[in-house]
Amino acid sequence: MSTPDLAAPAPSDQVVVDAAPSEHAARRRTVAIISHPDAGKSTLTEALLLEAQRIHEAGATHGKRGRPATVSDWMEMEQSRGISISSAAVQCRIDDVLVTVVDTPGHADFSEDTFRVLSAVDAVIMLIDAAKGVEAQTRQLFTACAARGLPVVTFVNKWDRPGLDALALLEEVEATTGLVPTPLLWPVGVAGELHGLLDVTTGAPLAVTRPQHAGERAVHTPVSHPDAERSWGAGWTSCLEEVALLRANGQVHDQELFVGHASTPVLFGAASLGIGIRTLLEVLRDLVPPPQPRRDVGGTPVALDAPFTGYVFKVQSGMNSAHRDRFAYVRTCSGRFDTAMTLQHPRTGRTLTAKYAQSVFGQRREALLEAWPGDVFGLVHGGQLQPGDTIRAVSSRAVYPGMPRFDPTSFVSVGPVDSSRHKQFHRGLELLDAEGTIQLMHSTARGPQNPVLGAVGVLQFEVAADRMEREYHCPVVVSPLPFTRALAVPGHAHEVVPAGRDREILTRSDGQDFLLVSDEHAARALRRRYPRLWETAGEGAP
Ligand code: GDP
């Protein structure tokens with residue numbers, strides 16, 4: 001990686017006020033971090049912000065081209081946005097590039113939410129704990145990235161602590177993801193004994209001085225090869241040998257393979273100490289692709305400079321108890337969005353007002369003025385927006401493909417504590433279903449008053465029950481059902497398989513019929529008896 005010009009002025013949107021959407025898009029990177037809980041996602045997010053801030057502070061100190069406002073611009077933005085780990089997204093700048101990191105839920109039970117977030121980003125950072133390798137949830141999330149062909153940057157975290165061997169970690173990355181790992185920032189010293197880093201692109205060794213006090217960041221100092229050899233001895237030799245071995249193996253960064261989801265650049269570091277973070281920011285700036293034209297339902301890419309189109313990737317309500325509003329998270333796909341425009345919602349044919357658009361950074365809401373391709377923003381709406389919806393300028397005809405739903409793996413029956421509140425009960429469940437919190441299912445056998453809820457993780461039921469009580473004032477009783485496998489059945493399930501004691505047929509709100517059985521073993525047995533069940537529409541996670 002080349003060293004960024006510390007004295008470069010922060011970009012000013014004023015400079016490009018007349019720029020086309022594609023020019024704004026070229027200066028944007030929108031990513032998510034996928035990892036197993038505890039690998040350090042929150043720490044890494046924070047480290048990226050801190051490092052970006054440091055770069056800009058340095059820029060301001062140099063005071064180039066009369067822009068001493070760099071620091072305060074940034075600080076003000078940070079303070080007013082109250083950046084925190086619970087943010088829906090955080091933003092930072094490296095030179096003239098604006099990086100948005102969209103947050104993904106940490107718990108496996110919310111993997112469907114994470115999948116939705118992945119529809120809003122252009123690349124992901126796969127974060128791995130050096131002592132644990134590629135863990136279960138990372139693998140699962142990676143599958144979703146693979147389905148979308150998203151470029152993946154791998155960051156091996158916690159190299160300040162004892163962990164696995166660097167080459168073994170790369171082998172594991174390759175075995176579990178199928179991507180060819182290509183080293184960009186390679187450690188000098190085994191995990192727990194980090195002396196420095198080799199910038200593989202430039203061949204420059206960097207000495208790493210650990211911070212002396214809590215809260216301080218590590219210092220990276222370029223050193224010469226003879227100094228590296230003198231100071232690090234065998235550690236330096238091994239580092240060079242390892243990188244040479246990988247190079248001989250063809251594991252060299254190739255931009256086309258990276259963007260095409262065939263290889264993954266790998267960086268080693270330690271987020272909590274700020275080690276390797278600068279290079280990661282540079283990778284975001286230089287290698288991660290900017291927003292590209294998104295394909296519509298017909299497969300035609302919608303040009304970045306076409307009129308505004310956006311994709312709803314997440315819907316949430318009740319975030320602000322004072323307003324009881326519904327909030328849709330939108331990824332800008334083309335054109336320029338501004339709050340004066342009238343929006344069209346093709347799924348319902350209705351129009352929406354853009355006036356209530358808000359920035360989604362931090363916990364406090366702020367009015368949003370405009371958005372460009374790659375930007376995410378929030379839109380307050382009346383409940384009509386669902387994940388997978390397109391919103392667009394009136395002059396646009398584009399519609400994007402909807403959001404596939406996971407086949408649920410947990411089920412409960414649900415009823416109101418107070419049966420006189422049946423209206424709130426049904427309304428509440430319908431809205432939670434539209435948001436994608438739970439999947440609402442019915443059966444003729446149970447009748448319309450006794451729905452079943454499906455979810456990918458049981459925590460979703462807790463969330464749903466809590467929200468039914470708080471937002472719809474309708475406490476509910478949920479009772480687990482003994483099923484863990486839902487076979488999506490083509491057409492009408494009753495025509496494919498008869499009802500039985502050990503199974504149940506339910507119809508999801510989108511009309512998809514499911515056959516619920518206890519486990520995979522039972523599913524296989526039924527498929528043998530009723531071969532049409534093989535024609536199932538979906539097989540779990542897309
Ligand atoms: P998350 O669940 O993935 O968001 O993980 P967190 O960011 O909360 O980090 C989990 C734990 O790992 C915390 O105790 C962090 O302080 C610690 N941690 C994160 N990064 C590093 C690192 O680079 N080195 C060390 N030693 N600890 C780290």
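Author: Start with contacts: two residues are in contact if their C-beta atoms, placed from the backbone, lie within 7 Å. Among contacts in the protein chain between residues at least 6 apart in sequence, 72% join residues at least 24 apart. The model is predicted: local features need pLDDT of at least 70, side-chain atom pairs count only at pLDDT 80 or more, and totals for chains, interfaces and linings use all residues. Residues are numbered from 1 along each chain as its sequence is written.

Reader: How many helices and strands does the protein chain have?

Author: The protein chain has 14 helices and 29 strands. Helices (H or I, at least four residues) and strands (E, at least two) are DSSP runs, numbered from the N terminus.

Reader: What percentage of the residues count as buried?

Author: Of the 542 residues of the protein chain, 46% count as buried. A residue is buried if 20 or more other C-beta atoms lie within 10 Å of its own, exposed if 12 or fewer, and partly exposed in between; C-beta atoms are placed from the backbone.

Reader: Why is Val97 called buried?

Author: Val97 has 21 other C-beta atoms within 10 Å. The definition asks for 20 or more, so Val97 is buried. Val97 sits in strand E3. Leaving aside neighbours within four places in sequence, Val97 is in contact with Arg27, Arg29 and Arg285. Ala25 is 72 residues from Val97 in sequence and 9.6 Å away in space, C-alpha to C-alpha.

Reader: What makes Asp95 buried or exposed?

Author: Asp95 has 21 C-beta neighbours inside 10 Å, so Asp95 counts as buried. Its place is the loop between strand E2 (89-94) and strand E3 (97-102). Asp95 is not a glycine, yet has a positive phi of about 50°.

Reader: Why is His261 called partly exposed?

Author: His261 has 18 other C-beta atoms within 10 Å, so the label is partly exposed. His261 belongs to the loop between helix H9 (255-259) and strand E10 (263-268). Phi of His261 is near 60°, a positive value in a residue other than glycine.

Reader: How do you know that Ser413 is partly exposed?

Author: Ser413 has 15 other C-beta atoms within 10 Å, so Ser413 is partly exposed. Ser413 lies in strand E23 (residues 410-416). Not counting residues up to four places away in sequence, Ser413 touches Asn450, Val452, Ser479 and Leu481. Ser413 and Pro480 are 67 residues apart in sequence, but 6.5 Å apart in space, C-alpha to C-alpha.

Reader: What makes Asp502 exposed?

Author: The count is 12 other C-beta atoms within 10 Å, so Asp502 is exposed. The exposed class takes 12 or fewer. Asp502 lies in the loop between helix H13 (493-496) and strand E28 (504-508). Beyond four places in sequence, Asp502 is in contact with Val517, Ser518 and Ala522. Asp502 and Thr300 are 202 residues apart in sequence and 46 Å apart in space, C-alpha to C-alpha.

Reader: Why is H4 called roughly parallel to H5?

Author: The axes of helix H4 (residues 111-118) and helix H5 (residues 136-148) come within 10 Å and cross at roughly 30°. That angle makes H4 roughly parallel to H5. Angles under 35 degrees count as roughly parallel, over 145 as roughly antiparallel, 65 to 115 as roughly perpendicular and the rest as oblique. Axes are lines fitted to C-alpha atoms, for helices over the stretch in contact, and angles run from 0 to 180 degrees between N-to-C directions.

Reader: Which residues of H4 and H5 meet?

Author: Ser111, Thr114, Phe115 and Leu118 in H4 meet Gln140, Leu141, Ala144, Cys145 and Arg148 in H5.

Reader: What makes H11 oblique to H12?

Author: The axes of helix H11 (residues 422-435) and helix H12 (residues 459-472) come within 10 Å and cross at roughly 125°. That makes H11 oblique to H12. Gln424, Arg427, Gly428 and Leu432 of H11 make the contact with Ala464, Arg467, Met468, Glu471 and Tyr472 of H12.

Reader: Which residues are closest to the ligand?

Author: The closest are Gly40, Lys41, Ser42, Thr43 and Ala270, among 17 residues that surround the ligand. A residue is near a molecule or strand if its C-beta atom, placed from the backbone, lies within 6 Å of it. Helix H2 (residues 41-62) gives the most to this shell, with three residues.
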